[in-house]
Amino acid sequence: MRKPPPKADLKSLAETMLKLLDDAESNVREAAMEGLGVLLRVIGERGMAGYMEGVDKSREEKIREYAAKAEVRVAGAAPPVKKVDMKPEPSIPIVNRAGGQIGSGKVTLGAGKSKPNSAPSNSATSNTSSAKPASSSSSSSSLNAIPAKKKAVDEPVSFKFSDDSAELWMAEAFPDVDLKAFGDSNWKTRLAACQAFLESLQQAAVTIEGEAVVRFFGKTPGWKESNFQVGTSMVSCFDFCVKKGVASKGASSLVLIALAEKLGDVKLKKTVGDHFTTIAEKYSLQFVLSTLYEPLSKAKSPKTVADSLLWIHSMIMEFGIVGLDVKALIEFVKTALGNTNASVRANAITVMGGLRIWVGPDVRMFVADLGTQQLASIDAEFEKVASRAPPAPARVTEDAGAGGTEDLADNLFPRVDLTTKVTPETFE
């Protein structure tokens with residue numbers, strides 16, 4: 001490339017690569033980030049600013065890394081991009097669901113960023129997320145007026161391996177393991193390989209790299225493994241890594257995003273749900289939910305969404321809502337309330353009932369913009385649970401502060417400084 005691409009081509013290139021960031025194939029997502037990094041290196045920060053606004057922080061960091069490594073011989077190319085400290089902003093976003101996305105902290109959910117937060121891309125690679133405040137509700141503009149003392153924050157996840165480097169690590173760390181057996185056409189061979197590998201993990205003398213294990217299994221047998229016994233065995237390996245403390249947030253985000261739809265699989269939903277619970281106990285329920293919003297918002301099966309809502313309800317009843325971005329959860333639920341499937345709507349109302357128990361009757365103000373029929377159903381659910389007191393949390397996060405310790409009242413109902421509003425004339 002001897003000269004920068006013309007503006008017309010630049011727009012087309014950037015938009016195409018931005019779309020590919022959400023591709024199902026990890027190598028495509030990786031190539032898209034590398035391509036955006038080259039463009040950033042060629043035309044500089046100012047030229048790419050408009051395209052980078054919707055990119056979640058973990059991906060932006062990866063793009064900047066590619067930009068810094070890019071060797072570009074173009075007249076007028078921008079200087080090497082410096083790595084910046086991608087610290088998340090301590091604010092609780094209200095997501096605009098009009099686009100149906102949520103994310104890794106966002107809710108485009110699909111993203112939300114988060115667009116969620118795409119995690120693997122690990123959008124989990126999630127995942128993660130930077131959501132824009134919602135403007136559809138008359139009360140939304142005031143909800144974030146005064147920041148809470150300490151609000152739930154979705155820290156960007158980071159990654160250490162690529163799919164190829166993960167396979168190399170597996171070969172070096174477990175030389176006695178036949179890696180080809182994981183991709184054998186016979187499901188019994190794949191199952192035996194997974195079961196034997198779990199034993200190898202449990203007896204491993206080497207330092208286990210959870211992300212490498214996850215990435216390898218995501219490629220072989222693969223996330224689309226059709227045999228539930230093999231799938232169950234894969235999840236057992238992931239669960240061991242989390243409980244052993246060798247699965248990073250990045251590794252867990254890959255699993256959350258890839259297996260989100262399994263919450264609706266009759267044979268795997270308990271196994272997958274239990275593993276997601278293990279991740280929540282390790283990192284936080286907020287991390288798990290913010291990563292799941294995106295893939296669940298994109299799920300095509302109503303059963304997947306309906307079953308995932310019941311799982312979410314069980315989680316908030318077991319963990320409570322300390323550290324949880326309740327407003328983002330409500331926005332996700334409101335999207336489900338508009339689903340054409342009756343089971344999805346019914347289960348969304350059940351989640352609202354759970355929030356009523358924890359938050360109180362004032363939670364209704366956050367769904368006041370819904371239709372009359374929807375509100376009638378929600379009010380009926382609220383009446384059923386009105387006398388129930390919040391239960392003592394049955395589960396806690398390993399790091400008690402991981403999910404945040406914000407004052408719930410400040411989160412949902414921000415304080416207002418009355419000193420500037422009450423004057424002597426007020427009492428005359």
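Leaving aside its neighbours within four places in sequence, Phe276 is in contact (heavy atoms within 4.5 Å) with Val255, Leu256, Leu259, Ala260, Leu263, Val288, Leu292 and Trp311. This is a predicted model, in which local features need pLDDT of at least 70 and side-chain atom pairs count only at pLDDT 80 or more, while totals for chains, interfaces and linings use all residues. Residues are numbered from 1 along each chain as its sequence is written, and side-chain values use heavy atoms, with hydrogens and water left out.

Phe276 and Phe217 are the residues with the most contacts inside the largest nonpolar core, which has 88 residues. Here a nonpolar core is a set of buried Ala, Val, Leu, Ile, Met, Phe, Trp, Tyr and Cys residues joined through side-chain atoms within 4.5 Å. Buried means under 20% relative accessible area, exposed over 50%, and partly exposed in between, with a 1.4 Å probe and protein chains only. In soluble globular proteins, nonpolar side chains tend to be buried together.

Helices (H or I, at least four residues) are DSSP runs, numbered from the N terminus. His275 counts as buried because its relative accessibility is 2%. Leaving aside neighbours within four places in sequence, His275 is in contact with Val235, Phe238, Asp239, Val242 and Val255.

Val255 takes us to helix 9, whose buried residues are Gly250, Ala251, Ser252, Ser253, Leu254, Val255, Leu256, Ile257 and Leu259. Because 9 of the 11 residues of helix 9 (residues 249-259) are buried, this helix is largely enclosed by the rest of the structure. The cover over those buried residues includes helix 7, helix 8, helix 10 and helix 11 (285-298).

The largest cavity holds about 80 Å³. On a 1 Å grid over the protein atoms alone, a cavity is a set of points where a 1.4 Å probe fits but cannot get out, and lining residues have an atom within 4 Å of a point. Grid points are joined across faces, edges and corners, and the volume is the space filled by probe spheres set on the points. Among the residues lining this cavity are Trp223, Met234, Val235, Phe238, Leu259 and Lys262. Helix 8 (residues 228-244) gives the largest share of the lining, 4 residues. By type, the lining divides into 7 nonpolar, 2 polar and 2 charged residues; Asp, Glu, Lys and Arg count as charged, Ala, Val, Leu, Ile, Met, Phe, Trp, Tyr, Cys and Pro as nonpolar, and the others, Gly among them, as polar.

Finally, the charged pairs. The structure holds 20 salt bridges, each a side-chain nitrogen of Lys or Arg within 4 Å of a carboxyl oxygen of Asp or Glu. One of them joins Glu60 and Arg64 (3.2 Å, N to O), and both residues are buried. Being 4 residues apart in helix 3 (residues 57-69), Glu60 and Arg64 are separated by about one helical turn.

Another salt bridge joins Asp163 and Arg215 (3.3 Å, N to O). Asp163 lies in helix 5 and Arg215 in helix 7, so the pair ties together parts that are 52 residues apart in sequence. Salt bridges that share partners join Asp163, Glu211 and Arg215 into one network. Arg215 counts as buried because its relative accessibility is 11%.

How values were computed:
Helix = DSSP H or I, 4+ residues; strand = E, 2+ residues; numbered from the N terminus. 1 Å grid on protein atoms, 1.4 Å probe; cavity = no way out; pocket = protein on both sides within 12 Å on 5 of 7 lines; lining within 4 Å.
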